[in-house]
Amino acid sequence: MAAPPSGKVLYEQDGVFIHPSCGKNDDQDSFISGVLRVIEKESEVIVDWRPQDDTLDTSNILCAGKDSSSVVEWTPAPKEKSSRGADRPNNYEAEWDMVTTVSFKKKPHSNGDATNHTNGESTWSFLFSLTDLKSIKQNKEGMGWSYLVFCLKDDVKLPALHFHHGDSKLFIKCLENHVVLRESPQDKLILLVNSQNKSLSQSFENLLDEPSYGLLQKWKKDPYTVTMGRFSKVTNYIFDSFRLSDPSTQRRPPSEMADFLSDAIPGLKINQQEEPGFEVITRIDLGKQPEVSRREPVSVEEWAKNMDSEGRILNVDYIKQSIFKGGLCHTLRKEAWKFLLGYFPWNSTKEERANLQKRKTDEYFRMKLQWKSVSEEQEKRNSRLRDYRSLIEKDVNRTDRTNKFYEGEDNPGLILLHDILMTYCMYDFDLGYVQGMSDLLSPVLYVMENEVDAFWCFVSYMDQMHQNFEEQMQGMKTQLIQLSTLLRLLDSGFCSYLESQDSGYLYFCFRWLLIRFKREFSFQDILRLWEVMWTELPCQNFHLLLCCAILESEKQQIMDKHYGFNEILKHINELSMKIDVEYILCKAEAISMQMMNCKELPQAVSEILGIESSSVTPDSDTGEDESGAVLSCPTSLYQSIPTPVIAANGTRESPPQTSEVQNLAPA
């Protein structure tokens, strides 16, 4: 019998035969008995059939590849490239690894005929990804052995599989856990495959090691997946997938590629002319970006001094402004984050907070018990819960594993991460779990070091981020439109350049927005960045100004080097872990001051930033900068900060002793 695969086996059935004679005779000695499996291998769901023969020659496995209209045959690579696998056992893992050690050779394939081998023995075998499956043809019930014929998306038909030991119903039921099958209107014996409806529950895989033939289907199936991978390699794979069968053919033009990306993300194609409230933004002089300062993080002593004897925060505005300007010392985060995220009311007493925690603890464990008490038999009949658990287990095992809080096997931090995410499925079963949510929980749990507190803080954070993970992606669409509007006001020339390179939709910012820069900054920098954003200062949607700050910082290199579509994606991706968080915070605040100082701020921008139109009129009580722009600035909320000034260009200088740095009031 063939060696069992190393991936997770979702379905296995022996006694599944290929009839090579194709009905020409009834010689059952010519039937080839094999094992049919459905295997979950990382992000792929694979259908695998192989003979019950341990001597199977892996060099002749047929692999359905989506780079042409033919089946491709795996042929051994040159010896110097394949030697590393020579001593491996002949099992599924070794064959999977052959993807990187074989060369592809086009092979015509007609009517499911087998390969003819010189040794005269039949070595039929094939495997394919569900992303490549187009349809399944069944036979009529009662007409002999049940059989299935797989047709792939390049119209290749694989040999019919005959189920001698039982029927194919369990196999079809297994596939329906991963794809949607529906009867063809023309032929009720044909099941058409539609994987779109289950995209969100199968997203966020890292695609860096994927063969290029599967990546294009993955993007079409799930834009989140490609987003969460590293664009520098992903983009090249996408381009390679578009090549025609002749390797010398040129790639499709960037304009066609850009159209593909916008069409691949349902509902995300941006046409601002059709958006409600669309406003043509003409070139407006925003003036020079002011220099702004950062202060030291808020200390435990400073926090305690701003609290009365019953534990109420005395001056919430001052505390928020101080956190916005400098963040928090790490010791204070465990307490302060509960206020910033809305778990604790700002005006609550210490006793009220203790009573709240007690109630929330009871509520949490009641929800946790709901999924903990589900038996294996019950879970077999609850596909959604089963899918949520599977995705969570995958994500937990690869979330921030280099952080000491989560590293190593059987780490208690991983157990808590898993349990909180499972309990959130009970809290919001409609949304459940979407891959990437673990990225948002990880820093919160790291800071809280407490299961219950981390859960309720995460719930509050997800209230803010919920639309990012909804299937219609309306939240992402809105944010990309708003970012485009802000960037056009800030630098219309740069926007025009991006549009000329078919990058005007700003899809390269998708990951930034989706999980709030979690994979762009170091873990410690994310703690600082998030707590600053949670103050909701100096305006609404400050995270969009952070995007503008990063893009403006990279504008010169992108334009001077004439980066095109692919190079822009690659460059933006390679910024990950290289961005100075303090510099970007300063620059984003400077941009906010530019916009809020503007006397002729477009209405669309005012609405995005939450600025009242009256706050930018010449009649308000304001200061005035060199350009004559005005700024409404209630001084009661802001203090002069005697710390080094960080200019928008990144330089530092000490301010004169008599100078004061004014900051922006919240809208």
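**Entry 1: around helix H10**

I began by asking what covers the buried residues of H10, and the cover includes helix H8 (300–305), helix H9 (316–326), helix H11 (350–372), H15, helix H16 (451–465) and H20. For contact I used heavy atoms within 4.5 Å. Helices (H or I, at least four residues) and strands (E, at least two) are DSSP runs, numbered from the N terminus. I noted that this is a predicted model, where local features need pLDDT of at least 70 and side-chain atom pairs count only at pLDDT 80 or more, while totals for chains, interfaces and linings use all residues. Residues are numbered from 1 along each chain as its sequence is written, and side-chain values use heavy atoms, with hydrogens and water left out.

Which residues of H10 are buried? I listed Leu332, Arg333, Ala336, Trp337, Lys338, Phe339 and Leu340. Buried means under 20% relative accessible area, exposed over 50%, and partly exposed in between, with a 1.4 Å probe and protein chains only. Just after H10, I found glycine 342 with a positive phi of about 90°.

**Entry 2: two partners of H10**

Two packed helices are described by the angle between their axes and the distance between the axes. I took axes as lines fitted to C-alpha atoms, for helices over the stretch in contact, with angles from 0 to 180 degrees between N-to-C directions.

For H10 and helix H15 (residues 437–448), I read a crossing of roughly 115°, with axes that come within 8 Å. That makes H10 roughly perpendicular to H15. My angle classes were: under 35 degrees roughly parallel, over 145 roughly antiparallel, 65 to 115 roughly perpendicular, and the rest oblique. H10 and H15 cross in a left-handed way. A crossing is left-handed if the near helix is turned anticlockwise from the far one by less than a right angle, and right-handed if clockwise. On the H10 side I wrote down His330, Arg333, Lys334, Trp337 and Lys338, and on the H15 side Pro443, Val444, Tyr446, Val447 and Met448. By class, this contact of H10 with H15 has six nonpolar, one polar and three charged residues. Here Ala, Val, Leu, Ile, Met, Phe, Trp, Tyr, Cys and Pro count as nonpolar, Asp, Glu, Lys and Arg as charged, and the others, Gly among them, as polar.

Next came H10 (residues 330–340) with helix H20 (residues 523–534): their axes come within 11 Å and cross at roughly 35°. H10 passes H20 in a left-handed crossing too. His330, Arg333, Trp337 and Leu340 of H10 make this contact with Gln524, Leu527, Arg528, Glu531 and Trp534 of H20. I sorted the residues of the contact of H10 with H20 into four nonpolar, two polar and three charged.

**Entry 3: H17 against H18**

At what angle do H17 and H18 pack? I noted about 125° for helix H17 (residues 474–490) and helix H18 (residues 492–500), with their axes 5 Å apart. That makes H17 oblique to H18. Ser484, Leu487, Arg488 and Leu490 in H17 meet a group in H18 that includes Phe494, Cys495 and Leu498.

**Entry 4: loops worth a look**

Methionine 473 sits in the loop between H16 and H17. Its phi is positive, about 55°, although methionine 473 is not a glycine. Is methionine 473 buried or exposed? It is buried, with a relative accessible area of 2%.

In the loop between H20 and H21 I found asparagine 541, whose phi is also positive, near 55°. At 22% relative accessibility, asparagine 541 counts as partly exposed. Proline 538 is in the loop between H20 and helix H21 (542–560), and the peptide bond from leucine 537 to proline 538 is cis, with omega near -5°.

Glutamine 289 lies in the loop between helix H7 (254–264) and strand E13 (292–293). The C-alpha atoms of glutamine 289 and glutamine 594 are separated by 5.9 Å, though 305 residues apart along the chain.

**Entry 5: the whole chain**

I counted 24 helices and 17 strands. Of the 667 residues, 55% count as buried.
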